[in-house]
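The following exercises are to be worked through with the sequence and the structure at hand. Each task is followed by a solution in steps.

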Amino acid sequence: MTKAAEIDIAAVSKIYGTTTAVHTISLKIPAGSYCCLLGPSGCGKTSTLRMIAGHESVSHGDILLGDTIVNDLPPAQRGTAMMFQSYALFPHVDLIDNVAFSLKMKGVEKDQRRREAMEMLKLMQLEPYASRRPAQLSGGQQQRVALARALITRPQALLLDEPLSALDPFLKIQMRAELKKLQTSLGMTFVHVTHSQEEAMALADLVVIMNDGRIEQAASPRTVFEKPATAFVARFMGTHNVVSGRIVDRSDNGITVEVNGGGRIVAPGKVSPSEQSADIAIRTDHVRIGESTIPGLGFSGFVSLVEDLGATVKISVTGAGIDDFTVILTDADFFAKPVKVGDAVPLSWSEADAIILGRVKK
């Protein structure tokens, strides 16, 4: 395989007419890493991937693959390969000719390109199906054919546009394990667009969370999970409650915010003196049902929803001016002291579980 390349996105924007889809983003994707671009529909992640691939032009800024600025290079000359969401396989030819197509376009003679295509099918464990056509394969097998076709060009980076979205839940889990194993064995740079938090957590070395054409956070999955950078990331990942309020006290140890209903929450850390309000994140699975011994590290409310999710139970609580505050308990903890809708409950958490969130500049 060709040596993996670092991808450097330097102050890149994408503008369609009067609409800015990507707002001056900068990002370094290390060579040989698995990067997931994560976010809701319309956040700019697919436009970013297509600019890397060369299927969309860059309005401003530069994209570098290794040391080369690739803005003006056509897709076939960039050293990247793209696997599309639809797989885009040719229905009328067998797997060998599907996989060998790009080599045929480059003028590689027939015996060589078929030999290389068979090597790729072996890598994907599809050798026994080489003479079949795509319609004779399962969804997971079709995906592996699309991967083989992308990899046969020996790219420095493989770009994947929601490659698992068409698969059923069981096959998704199976195929993401295969993707990670393949990327690790090849040592290639993978850039993968998804809207699934679980998919990004399972696959990525680097998670890039986008919203409204901007990068909200770029970090390891564990950092994003434990220390979301902004209120959007905390809410989108679903791992933290977000409490927003007016700053009513500042000290060397932290701040106190007051929510609309009069409840007060404390958090360690500092904010700019010019800030009059703040967002505080509290991890859902670290909240306890029980009184807090420290003011500002808990509140009392009423249970509005209980959902048994198997290994965990999700409880929604409303109170003190805070709507829909989520508590995630293990099934053992919940059933040892169960609660029901309408019950009054005190909630508490430790100081370390309250995080002051930043804000992305618009």
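**Exercise 1: A loop residue**

Glu162 lies in the loop between strand S7 (157-161) and helix H5 (169-186). The model is a predicted one.

Task: Determine whether Glu162 is buried or exposed, and describe its phi.

Solution. 
- Step 1. The relative accessibility of Glu162 is 13%. Buried means under 20%, so Glu162 counts as buried.
- Step 2. The phi of Glu162 is positive, about 45°, although this residue is not a glycine.
- Step 3. For comparison, most residues other than glycine have a negative phi.

**Exercise 2: Thr230 and its contacts**

Task: Identify the residue whose side chain is joined to that of Thr230 by a polar contact.

Solution. 
- Step 1. Thr230 is located in the loop between helix H7 (221-226) and helix H8 (231-237).
- Step 2. Its relative accessible area is 5%, so Thr230 is buried.
- Step 3. Beyond neighbours within four places in sequence, Thr230 is in contact with Glu216, Leu357, Gly358, Arg359 and Val360.
- Step 4. The side chains of Thr230 and Glu216 are joined by a polar contact of 2.6 Å.

Methods:
Residues are numbered from 1 along each chain as its sequence is written. This is a predicted model: local features need pLDDT of at least 70, side-chain atom pairs count only at pLDDT 80 or more; totals for chains, interfaces and linings use all residues. Side-chain values use heavy atoms; hydrogens and water are left out. Helices (H or I, at least four residues) and strands (E, at least two) are DSSP runs, numbered from the N terminus. Buried means under 20% relative accessible area, exposed over 50%, partly exposed in between (1.4 Å probe, protein chains only). A polar contact is a pair of N or O atoms within 3.5 Å; within protein, one must be able to donate a hydrogen and the other to accept it, and residues adjacent in sequence count only if both atoms are side-chain atoms. Contact means heavy atoms within 4.5 Å.
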